[in-house]
Amino acid sequence: MKGNFRLRRIASFGMLAVLALALAACEQHPNTTFSPHSDYGLAIDFLWDRLLLLATIVFVLVESALIYIVFRYRKREGDQRPPQTHGNVVIEIFWTLIPAFILLFIAVPTVRTIFKTQAKAVAGALQIEVIGHQWWWEFRYPEYGIITANEIYIPTGRTVNFKLTSNDVIHSFWAPQLGGKRDLITNRTNYIWLTPDSTMQPAEWNGFCTEYCGTSHGKMRFRVFTVKPDQFASWVAKERGPAVFGATAIPTPAPAAGAATPAMIVPVSEGSAEPGYTFPANQPEFDYAKPHTPVPAGMTFTRGLTGNAHRGQQVYSSAACIGCHAIAGNPASMANIGPNLTHFGSRATIGAGSFPNTPAYLALWIKNARVMKPGVIMPTLGMNEFDPVLKTQVTKAQGGLDDQQIADIVAYLSALK
Amino acid sequence: MASTAIPTQAAPHATAPYAEKSGVWSWLTTVDHKRIGLLYLYTALVFFIIGGLEAELLRIQLQGPNRHFVSAELYNQLFTMHGTTMIFLAVMPLSAAFFNFLIPLQIGARDVAFPRLNAFSYWVYLFGGIFITLPILFQVAPNGGWFGYVPLTTKAYSPGVNIDFWVIGLLVLGVSSLAAAFNFITTIINLRTPGMTLMRMPMFTWMSFVVMFMLILAFPVITIALVFLLFDRFFGTNFYTITAGADPLLWQHLFWIFGHPEVYILILPAFGLVSEVLPTYSGKPLFGYPVMVYSGILIGVLGFGVWAHHMFAVGLGPIADSVFALSTLLIGIPTGVKIFNWLATMAQGSIRYTTSMMFGIGLVALFIIGGISGIMHASPPADLQQTDTYFIVAHFHYVLFGGSIMGIFAGIYNYFPKITGRLMNEPLGRWHFWTNFVGMNLTFFPMHFSGMLGMPRRIYTYDAGQGWDSYNLISSIGAYILVVATLIFVYNFFMSRKRGAIAGPNPWNAGTLEWSIPSPPPEYNFAVLPYVTSRYPLWEGGEADAESARINSQEGRSAEELGIVLPYSTIKPLLVALGLIVMFSGLMITHALIFIGAAILVGSLYSWLLSPLEPEHH
């Protein structure tokens with residue numbers, strides 16, 4: 001009686017767990033490691049499948065044996081003293097050899113895959129330098145002289161060799177759908193290479209920092225755009241030169257989600273040049289790659305301001321901005337402490353994947369980056385804003401910017417396509 | 001269980017030696033290994049609850065996407081302190097509670113080899129634990145992760161006092177572990193009762209013996225790493241200074257040469273406890289005793305040759321990766337053998353489902369899962385998709401919660417009657433087991449999925465739409481169940497301490513020496529030192545075993561009456577420990593404290609060494 005009750009209880013707990021997991025499985029899994037899209041990812045997945053198979057067999061057999069023994073040999077009324085066995089050498093040798101035998105089937109493909117995936121990258125691979133910063137990514141294409149941040153474009157079907165270094169602490173580079181991770185270690189250089197599947201349609205992948213690197217480690221994300229070779233060529237052609245300033249008007253942005261609903265900022269539109277390929281502009285965006293982070297409470301921006309990109313350029317060039325950022329084509333702005341902003345207007349996110357790159361979010365970011373993303377080096381710039389690190393209010397004398405000036409800078413940066 | 005039929009009554013005077021010596025002063029000055037064991041037990045349980053609360057706050061934050069229950073800064077402190085607390089302040093000292101209480105009883109000794117050093121170990125642990133834990137109340141707790149990777153933890157990137165607390169705290173705690181390890185090695189080698197050969201020692205003592213050697217080999221390494229960091233932070237040396245060209249891998253190698261053996265330091269005592277529990281409730285001796293000993297030793301030795309499997313992502317090159325992959329796979333063999341031998345111990349037995357046994361079986365069931373996922377990331381390419389994700393969090397919680405903690409609970413339920421003289425409440429115990437078992441699996445099993453679905457570790461929040469929401473919600477629900485489980489345990493523990501049924505010397509009909517004496521044991525443990533002729537003296541021993549057990553279990557006289565010489569109580573070990581912590585905290589507060597602390601330390605140590613341990617023998 002009592003045993004049956006306990007069995008039912010175990011069973012109902014088990015069912016509950018299975019149900020919950022089944023529910024969870026209904027979600028979309030945009031960062032799964034189970035459906036790789038590169039040769040490197042596939043090599044790992046092959047190993048994983050074998051590991052999972054062997055693991056499942058071992059798990060089922062051993063747990064079944066345990067459950068059988070536990071129920072079969074429970075104490076019953078009138079049990080005699082059980083046999084006082086001390087061991088059995090033959091059996092023990094046998095079950096020492098079994099795991100050794102199983103492990104052989106893991107060891108051989110493991111070593112093979114290690115040497116295969118850690119060989120030198122093929123000649124002619126696309127070189128990309130990845131430099132880790134607290135808490136953003138710098139990407140350089142030495143072949144094309146391109147410097148960008150938090151977003152990489154790579155062509156499908158061509159091997160990409162990432163050269164990994166760090167500017168400060170240790171970070172780790174990981175785009176789960178494209179393969180395994182590799183650390184960015186200060187005073188060291190690491191490499192990792194992969195070839196995106198040549199048959200796939202242009203797509204967008206999430207990337208993460210996976211080595212704890214301080215306060216905003218959780219917000220050190222990046223995007224990988226795998227595009228067709230011709231799209232890549234078009235993107236390269238655009239990125240190589242300085243920004244085509246003010247090429248297109250920015251559509252009126254929708255109010256930001258969350259607490260604050262910043263004003264609409266419409267930069268002036270002028271000139272016309274052919275912009276190169278950019279992913280979010282030329283393709284529907286993938287929802288999982290769009291940040292959904294709400295604006296921190298208490299952030300506000302004056303409604304109804306209109307920014308002017310030319311004024312913005314002047315404000316930018318005489319404000320603190322140029323102490324850290326570089327914009328090719330703007331001789332005042334040549335520092336390389338913060339992300340390179342040359343083609344900032346065509347990027348999808350700000351703050352290393354923290355927020356969408358829309359004027360509404362950008363204005364708040366410039367106003368008080370330290371509230372938008374904890375721990376960042378970028379100072380609080382908005383006049384009368386409270387700087388959470390210095391614990392003081394920003395004044396005019398310290399170079400505080402009013403909302404109109406910020407709107408102008410937003411117009412300028414957004415125009416840098 | 002017939003025990004419930006025994007009417008609750010006050011323990012007879014003779015079997016309650018602790019009642020004679022009460023009051024705070026007696027606890028501050030005790031050198032009795034059993035009382036020190038109790039101090040360890042209570043302190044470690046408090047830290048276990050603190051560490052659990054820290055984890056609870058983490059789970060509240062991660063319950064859903066983009067939550068800001070705690071700030072990024074506080075979250076990072078909480079996960080650092082959760083790991084540090086559970087490893088150094090909860091699980092290791094819980095094992096130490098059993099080392100202290102059980103080892104002398106299991107080998108038939110009247111105390112440890114160095115009773116005052118033993119007290120010193122405890123006080124250093126207590127002061128070090130408080131030192132490293134207090135800052136969380138002021139939100140200046142260590143925030144570099146329990147692994148404290150440089151250069152993040154160097155002054156350049158962590159200028160605050162947070163990491164100072166961590167470095168000094170761990171250095172001090174290391175002193176405690178080392179002192180204890182030397183003490184127990186000496187005890188086990190020298191104080192075994194006649195006939196207690198090494199191959200007759202109970203398995204818990206054996207596994208502890210292995211752990212002691214691991215401690216004295218592993219802790220100097222972390223001490224070196226920490227001293228480098230301390231010197232960098234306080235005196236401007238350049239061991240880890242990036243701008244001076246330091247290689248951050250120096251820290252990683254040193255840390256993991258300590259860090260991986262540390263994992264076995266945490267798990268082997270639990271293996272030992274389960275190797276006592278399973279035979280007791282199956283009514284059979286441990287299956288394959290010699291192989292269990294050898295596999296324990298082998299795990300201990302191999303444990304020092306696998307450290308770089310924590311570093312597969314750092315790019316050590318294909319040869320190093322292959323070597324460490326193979327050595328890691330190799331360690332799976334002795335571990336597998338242990339599990340098979342436990343199964344064989346239970347097979348053909350007559351299994352009694354006490355709470356202790358259920359926790360013991362729980363350890364076997366859950367450790368299998370942790371072991372298997374361990375094999376999965378022993379393969380470096382596969383590991384590169386798993387390391388630093390929640391898959392790893394799932395893995396080591398199956399090993400440390402499913403393994404160590406379940407084993408320790410099995411030990412607590414089994415030895416509570418020996419420690420207190422009273423039985424724990426069995427129905428409540430069963431509630432504790434089931435809530436714990438369900439909560440544990442609900443918390444940690446989904447993490448296998450969230451990890452393989454791309455969720456990195458140590459992130460203070462995550463965005464919506466990443467496919468992790470439901471798994472995290474389930475994990476958090478599981479964590480709430482674990483709170484309930486722990487509350488049941490705490491209630492049961494204190495109620496049973498007061499009102500539990502009287503246990504008698506051997507309530508479980510176990511076979512080893514500690515069950516041949518009254519519960520709780522008298523101050524001197526054994527009235528006559530037993531002569532041992534087998535591994536389970538109470539089950540299969542000869543005439544001599546039975547005779548000494550009969551005398552010891554019925555002895556009611558005091559040490560003086562029996563003419564047994566016991567060491568003096570003394571406050572000096574506490575003062576030396578106090579001097580140590582004052583001296584180190586002077587580094588952070590004011591240098592004057594360094595001299596004051598050193599003066600207390602040297603003065604009380606001098607006086608300790610000049611005072612006799614015990615009255616002269618007549």
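Into which domains is chain A divided? Chain A is split into domain 1, covering 126-240, and domain 2, covering 279-415. The model described here is predicted. Its chain B is built from 20 helices and zero strands. Chains A and B touch, with 85 residues of chain A and 87 residues of chain B taking part in the contact.

**An open sheet in chain A**

- Five strands of chain A make an open sheet, ordered β3-β2-β1-β5-β8, and their pairing is mixed.
- The edges of this sheet are β3 (146-149) and β8 (190-194) of chain A; each has a single partner strand, so one side of each is left without a neighbour in the sheet.
- On average, neighbouring strands of the sheet are turned by 25° against each other, direction ignored.
- Strand β2 of chain A, residues 136-141, pairs with β3(A) in the antiparallel sense, and four bridges join the two.
- Opposite Phe139(A) stands Thr148(A), which belongs to β3(A).

**The two domains of chain A**

- A distance of 23 Å separates the C-alpha centres of domain 1 and domain 2 of chain A.
- Domain 1 of chain A brings 23 residues to the contact, and domain 2 of chain A brings 19 residues.
- On the domain 1 side, the elements that give two or more residues are β2, β3, β9 (203-209) and β10 (221-227) of chain A.
- Among these, β10(A) gives the most, with five residues.
- Sorted by class, the side of domain 1 of chain A that touches domain 2 holds ten nonpolar, six polar and seven charged residues.

**Where chain B meets chain A**

- Seen from chain B, at least two residues each come from α4 (72-107), α9 (289-302), α10 (318-346), α11 (355-376), α12 (380-386), α14 (426-452) and α15 (469-499) of chain B.
- The largest share of this side is that of α10(B), which supplies 14 residues.
- By class, the side of chain B that touches chain A has 51 nonpolar, 26 polar and ten charged residues.

**The overall form of chain B**

- A compact globule of 618 residues would have a radius of gyration near 25 Å; the value for chain B is 24 Å, which agrees.
- The C-alpha trace of chain B spans about 70 × 60 × 45 Å along its principal axes.
- Of the 618 residues in chain B, 64% count as buried.
- Among contacts in chain B with a separation of 6 or more, 82% are between residues 24 or more positions apart.

Methods. Residues are numbered from 1 along each chain as its sequence is written. Chains are lettered from A and ligands numbered from 1 in the order in which they are written. This is a predicted model: local features need pLDDT of at least 70, side-chain atom pairs count only at pLDDT 80 or more; totals for chains, interfaces and linings use all residues. Two strands pair if DSSP finds at least two bridges between them. Axes are lines fitted to C-alpha atoms, for helices over the stretch in contact, and angles run from 0 to 180 degrees between N-to-C directions. Domain bounds come from an automatic or database domain assignment. Two residues are in contact if their C-beta atoms, placed from the backbone, lie within 7 Å. Ala, Val, Leu, Ile, Met, Phe, Trp, Tyr, Cys and Pro count as nonpolar, Asp, Glu, Lys and Arg as charged, and the others, Gly among them, as polar. The radius of gyration is taken over C-alpha atoms; the globule rule is 2.2 Å times the number of residues to the power 0.38. A residue is buried if 20 or more other C-beta atoms lie within 10 Å of its own, exposed if 12 or fewer, and partly exposed in between; C-beta atoms are placed from the backbone.
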